[in-house]
Amino acid sequence: MKSREKEFLDLIETHKGIIHKISKMYMDAEDDQQDLTQEIIYQLWKSFDSFQQQSRFSTWMYRVALNTALVFFKKEKRKLAVTDMMPEHIATEDNVAAAKELQLAHFYKAVQKLERIEKALVFLHLENYSHKEIGENLGISEGNARTKLSRAKDKLKELIKQQGYEF
Amino acid sequence: MNFDDIKSAWSNDNDDNVVVPSSVDQLKTLQLPVEKLRSNMKIEFYVQLFSLILIGFLPRYTYFAPVLIIPFYVVYFVAVAISVYYFFKFHLFYKQLNTATLRSKDRLYALYYEAKLSIEMYKSYAYTLIPFALLEMAMHMASRQDSKMKAVFQAAVTNQAIAITMVSVFLAMLLLLMAITTFWVNSYYGKYMKQIGKVLEEFKEAA
């Protein structure tokens with residue numbers, strides 16, 4: 001394997017959590033998530049030459065991965081196999097890890113109903129990006145990022161409440 | 001639950017199910033609307049090229065009145081020249097799609113508007129070719145010795161009513177073919193254009 005390719009795949013392995021989260025936020029069915037994962041890695045590889053070593057790989061990766069998710073569409077023929085993402089065993093257990101998993105399951109279920117841009121806003125917020133950085137990433141002003149994020153969070157809160165989960 | 005709880009759960013989310021391929025050759029893609037447009041464009045290019053070449057041989061494998069052969073090839077080469085111009089434009093766009101990366105938002109906007117523009121250009125190309133196709137067809141029909149059409153064409157030269165009817169039929173066919181072309185382009189590319197439009201709309205709203 002060429003060293004450039006190996007370097008790329010090693011970096012992807014290190015930062016695959018970003019791809020995992022974006023795929024789960026943007027696609028509900030597992031097959032679509034896998035397709036999006038593939039597409040993101042492919043687009044990252046295609047853009048890899050444009051990656052400037054002076055910037056952080058993860059910063060660059062966020063941008064390409066999010067842009068890919070924004071323009072990715074699921075396969076038409078695939079029927080929505082959205083299962084209720086709340087496995088029973090989670091709901092009945094009450095240790096901390098299970099509680100976190102349940103919260104996350106509610107979050108991912110609710111987030112599916114947001115618009116594409118709103119998902120990107122929430123994603124970057126959860127990744128601890130400032131409003132300024134969010135704006136830069138999405139090509140909108142800092143003020144606009146703040147307002148839109150606040151609206152997206154309110155919407156998300158409402159959606160989670162509708163699932164019967166305390167927020 | 002609040003957003004801090006989500007953040008905490010989020011940072012511990014397990015990413016074990018992401019399988020990084022052992023080689024980039026294993027990556028498959030064709031899920032982005034631009035990639036699909038690109039693949040459809042490629043197929044259409046070959047079909048059109050093949051059709052153009054085939055039409056060029058029309059006087060060789062069907063009977064053509066010798067007097068109409070030169071007009072046929074004049075019309076044909078004008079159509080070929082127009083096609084070369086459009087093919088070149090499409091080639092530039094195709095190349096751009098191939099090298100385009102999603103590294104910046106600006107690039108994304110540019111790419112998507114470019115895609116929209118290219119589809120419109122493709123429609124105009126198809127519309128431009130229709131009158132040429134009809135002319136070639138008319139010449140072909142007029143060439144047939146046994147054809148009733150020949151008599152009709154001859155009658156049209158002296159009879160105004162027949163001439164008007166013929167022009168009307170020509171225009172009706174023109175409109176019909178334009179409608180068919182629009183339907184074809186919309187069904188072949190429209191789906192992806194709709195997806196692109198949806199993304200652009202969201203961007204516009206967010207800006």
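**Figure 1. Glu118(A) sits in helix α7 of chain A.** This is a predicted model, and our opening close-up stays with this one residue. Is Glu118(A) buried or exposed? Its relative accessibility is 16%, so Glu118(A) counts as buried, the cut-off being under 20%. Skip the neighbours within four places in sequence, and Glu118(A) is in contact with Ala152(A) and Lys155(A).

**Figure 2. Glu118(A) and Lys155(A) form a salt bridge.** Side chains of opposite charge can pair when their charged atoms come close. In this pair, the closest N and O atoms are 2.9 Å apart. Which parts of the chain does the pair link? Distant ones: Glu118(A) belongs to helix α7 of chain A and Lys155(A) to helix α9 of chain A, 37 residues apart. While Glu118(A) is buried, Lys155(A) counts as partly exposed, with 31% relative accessibility.

**Figure 3. Arg4(A) meets Asp49(A) in another salt bridge.** Here the N to O distance is 3.8 Å. Again, distant parts of the chain get linked: Arg4(A) is in helix α1 of chain A, Asp49(A) is in the loop between α3 and α4 of chain A, and 45 residues separate them. Arg4(A) is partly exposed at 28% relative accessibility, whereas Asp49(A) is exposed, with a relative accessible area of 67%. Look for Glu7(A) too: together with Arg4(A) and Asp49(A), Glu7(A) is part of a network of salt bridges.

**Figure 4. Glu136(A) and Lys132(A) pair up within helix α8 of chain A.** Their side chains meet in a salt bridge, 3.8 Å from N to O. How far apart are Glu136(A) and Lys132(A) along the helix? They are four residues apart, which means a separation of about one helical turn. Glu136(A) is partly exposed, with a relative accessible area of 49%. Over all chains, the structure holds nine salt bridges.

**Figure 5. Chain A touches chain B.** On the chain A side, 61 residues are in contact with 50 residues of chain B. The two chains bury about 5,100 Å² between them, and 63% of that is on carbon and sulfur atoms. How many salt bridges are there between chain A and chain B? The count is zero. The elements giving two or more residues to the chain A side include α1 (3-14), α3 (30-47) and α9 (142-162) of chain A. The largest share, 10 residues, comes from α3(A). By type, the chain A side divides into 26 nonpolar, 16 polar and 19 charged residues.

Terms used:
Residues are numbered from 1 along each chain as its sequence is written. Chains are lettered from A and ligands numbered from 1 in the order in which they are written. This is a predicted model: local features need pLDDT of at least 70, side-chain atom pairs count only at pLDDT 80 or more; totals for chains, interfaces and linings use all residues. Side-chain values use heavy atoms; hydrogens and water are left out. Contact means heavy atoms within 4.5 Å. Buried area is the accessible area (1.4 Å probe) that two parts lose on being put together, summed over both. A salt bridge is a side-chain nitrogen of Lys or Arg within 4 Å of a carboxyl oxygen of Asp or Glu. Ala, Val, Leu, Ile, Met, Phe, Trp, Tyr, Cys and Pro count as nonpolar, Asp, Glu, Lys and Arg as charged, and the others, Gly among them, as polar. Buried means under 20% relative accessible area, exposed over 50%, partly exposed in between (1.4 Å probe, protein chains only).
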